[in-house]
Amino acid sequence: DISGTSQTGRGVNFEINWGPVLVEGNLFLNNQGPALAITNTAGVTVRNNLIGSNFRSITFMDVDRGTTSAGQPMFPTKNATIKGNQFKDWTNFDCQQSGGLLSSPLTANIVSDSNTYQPVTETRVTYWPSNGSAYTIADLRTKYGWELNGKFASITVP
């Protein structure tokens with residue numbers, strides 16, 4: 001934790017990066033903040049990780065960093081793939097969440113599929129202001145177009 005900062009105790013924080021970024025084969029356990037924070041970063045693939053007992057599993061943020069001479073946002077959060085991960089027991093209000101300027105996962109090309117979820121403390125899996133809350137795989141499919149191959153199942157954490 002860094003005193004005086006918000007969402008302290010992050011596992012890994014990506015901020016102002018232009019990928020490709022690959023996060024693969026890791027254990028993210030018992031963080032007081034999100035296991036992964038992806039802020040103003042593009043081209044991220046998060047796959048085959050075990051993410052358990054964190055405040056939140058993944059947080060996507062898009063903060064205003066100004067605009068280019070063409071009027072486009074600088075460092076937008078976009079083009080992320082979340083695939084084949086195991087998410088267990090996030091303690092905040094959801095496993096994957098967005099904030100800041102992000103309007104929707106569809107417009108930012110953020111996709112999530114083939115992940116396994118085991119809610120324990122909190123049942124909401126994701127929340128984006130444009131799409132609302134998702135509590136089930138069916139919610140993820142209908143509201144987000146996510147998790148066509150995802151599931152809820154028991155996950156063993158070392």
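**Charges, bridges and overall build**

Mentor: Let's start with charge: the protein has 11 positive and 11 negative charges, and their mean positions lie 4 Å apart. Keep in mind that this is a predicted model.

Trainee: How many salt bridges does the structure hold?

Mentor: Two. As a general point, side chains of opposite charge can pair when their charged atoms come close.

Trainee: Why is the contact of Glu-15 with Arg-65 called a salt bridge?

Mentor: The cut-off is 4 Å between a side-chain nitrogen of Lys or Arg and a carboxyl oxygen of Asp or Glu. Here the closest N and O atoms are 2.3 Å apart, so the pair of Glu-15 and Arg-65 qualifies.

Trainee: And what does that pair tie together?

Mentor: Glu-15 sits in strand 1 (residues 12-24), while Arg-65 is in the loop between strand 5 (56-62) and strand 6 (78-83), so parts 50 residues apart in sequence are tied together.

Trainee: Are Glu-15 and Arg-65 buried, partly exposed or exposed?

Mentor: Buried needs under 20% relative accessible area and exposed needs over 50%. Glu-15 has 35% and Arg-65 has 29%, so each is partly exposed.

Trainee: What makes Arg-47 and Glu-24 a salt bridge?

Mentor: Their side chains meet at 2.8 Å, N to O, and the limit is 4 Å, so this pair counts too. Arg-47 belongs to strand 3 (residues 34-47) and Glu-24 to strand 1, 23 residues apart, so the bridge links distant parts of the chain.

Trainee: Zooming out, how many helices and strands does the protein have?

Mentor: Two helices and 13 strands.

Trainee: What share of the residues is buried?

Mentor: Buried residues make up 46% of the 158. As for the accessible surface, it comes to about 7500 Å², with 51% belonging to carbon and sulfur atoms.

Definitions and conventions. Residues are numbered from 1 along each chain as its sequence is written. This is a predicted model: local features need pLDDT of at least 70, side-chain atom pairs count only at pLDDT 80 or more; totals for chains, interfaces and linings use all residues. Side-chain values use heavy atoms; hydrogens and water are left out. Helices (H or I, at least four residues) and strands (E, at least two) are DSSP runs, numbered from the N terminus. Buried means under 20% relative accessible area, exposed over 50%, partly exposed in between (1.4 Å probe, protein chains only). Accessible areas come from the Shrake-Rupley method with a 1.4 Å probe; for residues, only the protein chains shown count as cover. Lys and Arg count as positive and Asp and Glu as negative; His and the chain ends are not counted. The place of a charge is taken as NZ of Lys, CZ of Arg, CG of Asp or CD of Glu.
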